Amino acid sequence: MLIAGFPAGAWGTNCYLVAPAAGEECVIIDPGHQAAQGVEEAIAKHRLKPVAVVLTHGHIDHVASVVPVCGAHDVPAWIHPEDRYMMSDPEKALGRAIGAPLMGELTVGEPDDLRELTDGSALELAGLEFSVAHAPGHTRGSVTFRMPEAADVPSVLFSGDLLFAGSIGRTDLPGGSHPEILRSLARVCLPLDDSTVVLSGHGAQTTIGRERATNPYLRQVADGQGAPPAPRRGM
């Protein structure tokens, strides 16, 4: 399996291209602010053919390049219905204006083909299977995508802004909820095998086992004690 990832834009949001191997079809996860050029470079480097864009949530730092990327390759995008409004109204999702100079660089709105994700569904795209789990707390429509273990490749969780290495997503923006994100951590992350690789929306790669042992939020959720207040990380 091939996973090509890179941080993009003002918020350093991780964008991922996932394919069975170089030279095959791929899925693009979270093409955010200023990610279009990096996407094209990865496509060229690995000789990939995009078939879909999937989104962990609707914040502008994760979706800002969806329209140009989908348009360039004539592919659909997938998002949870609770976050769909953010595609056309990113400032409402933040509870404030994000700045005229930055807004001038963005192409807001929906791509021509926008589809809705549902909890528990399985997306079969580019010869790969992605299990969708609704994981509200950072936003109402946050989701994760999990790929099952295959051969010698461990399971992979694309966690968006639910779980980071050593931290979790912020919950102080509209639609955020600290109690809800703790419930999502307990429901979505705790049951996973320790070997599961976590590729998040910001920061470095980690594993469920490492976070279970060291992440104060995941540890305290596992202990049933309730975690400290969520940090202000990401958008």
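First, some ground rules. This is a predicted model, where local features need pLDDT of at least 70, side-chain atom pairs count only at pLDDT 80 or more, and totals for chains, interfaces and linings use all residues. Residues are numbered from 1 along each chain as its sequence is written, and side-chain values use heavy atoms, with hydrogens and water left out.

Let's start with helix α1, residues 36–46. Helices here are DSSP runs of H or I, at least four residues, and strands are runs of E, at least two, numbered from the N terminus. Which residues of α1 are buried? They are G38, V39, A42, I43 and H46. Buried means under 20% relative accessible area, exposed means over 50%, and partly exposed is in between, with a 1.4 Å probe and protein chains only. Look down the axis of α1: its buried residues fall within an arc of 140°, so they line one face of the helix. That arc is taken from the directions from the helix axis to the C-beta atoms. The face turned away carries exposed Q37, A44 and K45. Strands β1, β2, β3 and β4, along with helix α3, are among what covers the buried residues. Just after α1, R47 takes a positive phi of about 55°.

Now the cores. A nonpolar core is a set of buried Ala, Val, Leu, Ile, Met, Phe, Trp, Tyr and Cys residues joined through side-chain atoms within 4.5 Å. The largest has 26 residues, and L17, I28, V39, V53 and V66 touch the most other members. Elements giving it two or more residues include β1, β2, α1, α3 and β5. Apart from it lies another core, of 21 residues, with V18, I29, L125 and L199 among them.

Take V53. Contact means heavy atoms within 4.5 Å. Leaving out residues up to four places away in sequence, V53 touches I28, P31, V66 and A77, among others.

On to A77, in strand β5, residues 77–79. A77 is buried, with a relative accessible area of 0%. The C-alpha atoms of A77 and E110 are 8.9 Å apart, across 33 residues of chain.

Last, the cysteines. How many disulfides are there? Counting pairs of cysteine sulfur atoms within 2.5 Å, the answer is zero. For C15, the nearest cysteine sulfur belongs to C26, 9.5 Å away. C15 is buried at 0% relative accessible area. C189 is also buried, at 0%.
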